[in-house]
Amino acid sequence: MDTTSTPTHCPYCALQCGMNLTPAPTGGVEVSERADFPVNRGALCGKGRTAPAVLSSSVRLTSPLVRSAEGALVPATWEEALDHVAAGLSSARSAYGPDACGVFGGGGLTNEKAYTLGKFARLVLRTSQIDYNGRFCMSSAAAAGTKAFGLDRGLPFPLEDIPKTGCVILVGSNLAETMPPALRYFAELRENGGTLIVVDPRRTKTAEQADLHLAPRPGTDLALALGLLHLVVAEGRTDEAYIRERTAGWEDARAAAMAHWPEHVERITGVPVPQLREVVRLFCDPEAAMVLTARGPEQQSKGTDTVGAWINLCLATGRAGRPLSGYGCLTGQGNGQGGREHGQKADQLPGYRKLTDPAARRHVAEVWGVDPDSLPGPGRSAYELLDALGSDIRTLLLMGSNPVVSAPRAAHVEERLKSLDFLAVCDVVLSETAALADVVLPVTQWAEETGTTTSLEGRVLLRRQALTPPDGVRSDLEVLHGLADRLGVEKGFPTDPEEVFEELRRASAGGPADYSGITYRRLAEENGVFWPCPAGHAEGGEDAVWPAAAHPGSPRLFLDRFATEDGRARFVAVTHRALAEEPDGEYPLLLTTGRVVAQYQSGAQTRRVAELNAAAPGPFVELHPRLAARLGAADGDPVAVISRRGRAVAPARVTTAIRPDTVFMPFHWPGEGRANTLTNPALDPTSRMPEFKACSVRVETVRP
């Protein structure tokens, strides 16, 4: 038996932990430590260790499925299935126009797949209606970072800088459960004498590690950040020289913050004024400090402004664009960073170019060999696209997403999916969304294919194929190639991932996310390369690039200038505003949602792993003891959580870790315990992020 190990990366979160895969005696592969990869240094969480379980043919799909006249999904040949999908897309396009065809991607797709999916939508289908589930994850932070810095890269510095700074304010992240190997960086920060401040309505496992835990009312992170900036100004802790030399817009932002005095902020957030003052001291006293946000402040209908307020705090204190300091977003999905850079977003072209920019359209059109005017304009954002299914959008091609579980107002989204004339889903397993499809196409997984991802650090990585996929399974690139060919585009959709990446390099060249200096060989030899990494041009003309090694990559951004036209960061004047849906007499509580350590996202894969299911077998509702006593609910009793959008039932988990005015549900499960049945699709006006993190609910006991 071949015992050669293949160095690769975990299929789950944006840490993209390094691992080795070795052929197992009983077939498949086994995971072993890969200590040479600097991010996780060999450490893996339970999801990473058990990832090969989903490769089993007993768990995953191994044949295309087509819905029969009797309504059942039955096995079919690949030719039959692809013909059926092509006919469904073609029929909608002919009857209603190209925008009747929708495409929905995922933040777990490799860069090559995301790039090709965007190209397929715009060149083959000619549709503007493409977006992806990453809209539900990092879009508010991306919008705020672009406004402030001129560029969105989740972390503008590597994780290795965190233990060397003086203070970190971690806002709305429970990374002890969502990305456990990252917790060591914060433990090392404290060991080195630094301070960790955690902002979270719950006393999570991450909050338990903090020097100071703030537990604001859900949806008030914006007021909290503004109150801290008010105190920074009032206490004379602003860095006036930095503000003068490296920023713009301070006066308006300062005036907005000064309207949020500490006592007012305490009334809004529930965070006592002494704690606010202590945060300012801990953050401002050291020479260097960071603010890191995650889904807590971002998944709000004011998420862009909320993140902007935390960035303002960094700018006012001179913390951005300096060594061991700055603002960063902890990207969530496996390729959440790369997935938002190369064209599967509604308003985007490869290289993080804007679809509305004529120069960007010309550049990408030249790479693709088409007329720039033939490229469609921006389309609907993710929730808006899902909401339009069955009306304006009649046919949907979906890859790597499970919106029946993960979308807000999920019961409504499920009905919209059912109303389609035609639904095709590419997935590894028969997810809840795939079960609704007219055609299901079984596709390869991480260990069965080669491709690149981009981690939360902006480090482009090479996942390597370690085993041959089962018969009956094809790659997403092969699917798109086969569909393009059937729809009349015979060239331009290669199935070899390295060939796709070489085209992506050219398409991204000169863009904000410039990968043109990165090659598969460099990724293998250097353990990844940080973008931007331009290749430059040689005398042979615009398309002749220098050797890729000419640029070392960019692990740290903004040290000399920001990515704006004048090199200055931008303050944005923001003010606190209420949630889209505040509690009232009928719905007096707030629901917030999140993850648990043993499950991942919609659970489509992790719920199929016995070890993970044993650790987290189903949904629950966290209740404070005072609320539980008022309801007459004991630990383990079934309770119903009811919002204006629906009802979910799950066992009570009584704990002092939650605020008395708040309940918490994890969102990994379908059925009656589906948390996203309840959540509010109210959208941020800039990022179009739904308000997953706070909606008004009531809780009732469920009697036999």
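Student: How many of the residues of β20 are buried?

Tutor: The model is a predicted one. In it, strand β20 is mostly covered. Buried here means under 20% relative accessible area. By that cut-off, the buried residues of β20 number 5 of its 5.

Student: Which residues of β20 point the other way from R459, L461 and R463?

Tutor: In a regular strand, side chains alternate between the two faces of the sheet. In β20, R459, L461 and R463 point one way, and they are buried. The residues that point the other way, also buried, are V460 and L462.

Student: Which residue stands opposite V460 in β21, and which one stands opposite T453 in β20?

Tutor: Strand β20 runs antiparallel to β21, and there V460 faces V529. β19 and β20 pair in the antiparallel sense as well.

Student: What phi does G458 have in the turn between β19 and β20?

Tutor: β19 and β20 form a hairpin, with 4 residues between them. G458 lies in the turn, and its phi is positive, about 80°.

Student: Are α3 and α18 roughly parallel or roughly antiparallel to each other?

Tutor: Two packed helices are described by the angle between their axes and the distance between the axes. For α3 and α18 the axes are 10 Å apart and the angle is about 15°. Angles under 35 degrees count as roughly parallel. The two helices are therefore roughly parallel.

Student: How many residues in the contact of α3 with α18 are nonpolar?

Tutor: From α3, the residues that meet α18 are E112, K113, T116, L117, F120 and V124. From α18 they are D476, L477, L480, L483 and A484. The residues of this contact include 1 polar and 3 charged, and the nonpolar ones number 7.

Student: What is the separation of the C-alpha atoms of L73 and D438?

Tutor: L73 lies in strand β5, and D438 is one of the residues that L73 touches. The two are 365 residues apart along the chain. Their C-alpha atoms are separated by 7.6 Å.

Student: How many of the residues of α4 are buried?

Tutor: Helix α4 covers residues 139–149 and is mostly covered. Among its buried residues are S139, A144 and F149. What covers the buried residues includes α12, α13, β13 and β22.

Terms used: Residues numbered from 1 in each chain as written. Predicted model: local features only at pLDDT ≥ 70, side-chain atom pairs only at ≥ 80, totals over all residues. Heavy atoms only, no water. Pairing = 2+ DSSP bridges. Axes fitted to C-alpha atoms, helices over the stretch in contact; angles between N-to-C directions. Parallel < 35°, antiparallel > 145°, perpendicular 65-115°, else oblique. Contact = heavy atoms within 4.5 Å. Nonpolar A, V, L, I, M, F, W, Y, C, P; charged D, E, K, R; others polar. Buried < 20%, exposed > 50% of the residue type's maximum accessible area, 1.4 Å probe, protein only. Lists of a residue's contacts leave out its neighbours within four places in sequence.
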